[in-house]
Amino acid sequence: MRITLTTLQKMAQESSRIAMLTCYDASFAAVLEEAGVDALLVGDSLGNVLQGHESTLPVTLRDMVYHTQCVARGSKRAFVIADMPFATFQVSPQDAFHNAAELMAAGAHMVKIEGGRPMLDTIEFLTDRGIPVCGHLGLTPQSVHALGGYRVQGRGEDAGQQLIKEAKMLEQAGAGMIVLEAIPAALAGAVTEALAIPTIGIGAGVDCSGQVLVLHDMLDVYPGRKAKFVKNFMRTTGTIQGAVELYVKEVKARTFPGPEHSF
């Protein structure tokens with residue numbers, strides 16, 4: 001039976017942790033589902049790990065549609081979320097709807113939009129018209145140049161309170177889930193407590209409703225320096241299937257992320 005947004009929201013309400021990983025093709029979609037992953041994020045991180053770019057900014061809507069189609073064809077059970085790439089939603093709500101509709105037609109069950117207050121009208125416009133939206137706060141990779149690099153966000157009382165406020169605003173605008181990236185663990189816990197919808201952490205501590213990692217990072221495939229919040233699950237198991245199963249087990253047991261993966 002297909003996992004739905006209602007399923008994930010019920011899991012969060014019952015404190016049953018959600019295991020999510022990025023996914024970009026049909027073969028890995030099947031592997032991740034078999035290992036027990038609840039949700040597959042077709043991330044614009046494909047710009048880094050598949051295309052070799054230094055950021056996610058060059059990723060196009062055509063790229064995202066293609067990879068969403070691939071994942072959807074390989075998926076039978078997991079909930080599929082597709083990132084809206086740069087410059088496809090920082091436009092009029094009408095244009096954002098047109099772009100989001102392409103991703104939904106490609107097989108996504110939800111689209112993900114980065115940003116807080118400026119995205120409220122767009123999120124409300126999309127959700128009012130039947131397109132589920134996942135928000136994304138904290139470190140937003142599409143804004144890496146404006147943020148001055150890949151830096152932890154939400155540090156300090158004022159910044160933390162602002163992030164909580166924006167998370168509530170996203171929920172009120174209709175967001176059904178929110179990704180929290182690279183923020184202090186205590187702040188992520190406060191955001192999760194303040195919301196009725198699930199939070200998915202990546203570098204945001206263990207108290208989120210679920211966790212997500214970039215697949216190529218947790219399999220130690222992507223070269224170069226890894227972020228603090230990444231754990232190499234291949235080191236322990238030696239197989240892809242075993243690594244993903246261990247990731248799911250540790251997320252469900254709340255042993256990942258540990259303090260060493262948190263801010």
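I started with α6 and α8, which are roughly parallel to each other (roughly parallel is under 35 degrees, roughly antiparallel over 145, roughly perpendicular 65 to 115, and the rest oblique). This is a predicted model, where local features need pLDDT of at least 70, side-chain atom pairs count only at pLDDT 80 or more, and totals for chains, interfaces and linings use all residues. Residues are numbered from 1 along each chain as its sequence is written, and side-chain values use heavy atoms, with hydrogens and water left out.

**Entry: α6 and α8**

I looked up the axes of α6 (residues 120-128) and α8 (residues 157-173): they come within 8 Å and cross at roughly 25°. Axes here are lines fitted to C-alpha atoms, for helices over the stretch in contact, with angles from 0 to 180 degrees between N-to-C directions. Helices are DSSP runs (H or I, at least four residues), numbered from the N terminus.

I noted a right-handed crossing for this pair (the near helix is turned clockwise from the far one by less than a right angle). On the α6 side I found Leu120, Ile123, Glu124 and Thr127 in the contact, facing Met169, Leu170 and Ala173 of α8; contact means heavy atoms within 4.5 Å.

**Entry: α2 and α4**

Next I checked α2 (residues 26-34) against α4 (residues 61-74), whose axes come within 7 Å and cross at roughly 45°. That makes α2 oblique to α4. I read this crossing as right-handed.

From α2, I listed Ala26, Ala29, Ala30 and Glu33, which meet Cys70, Val71 and Gly74 in α4.

Note on methods
Helices (H or I, at least four residues) and strands (E, at least two) are DSSP runs, numbered from the N terminus.
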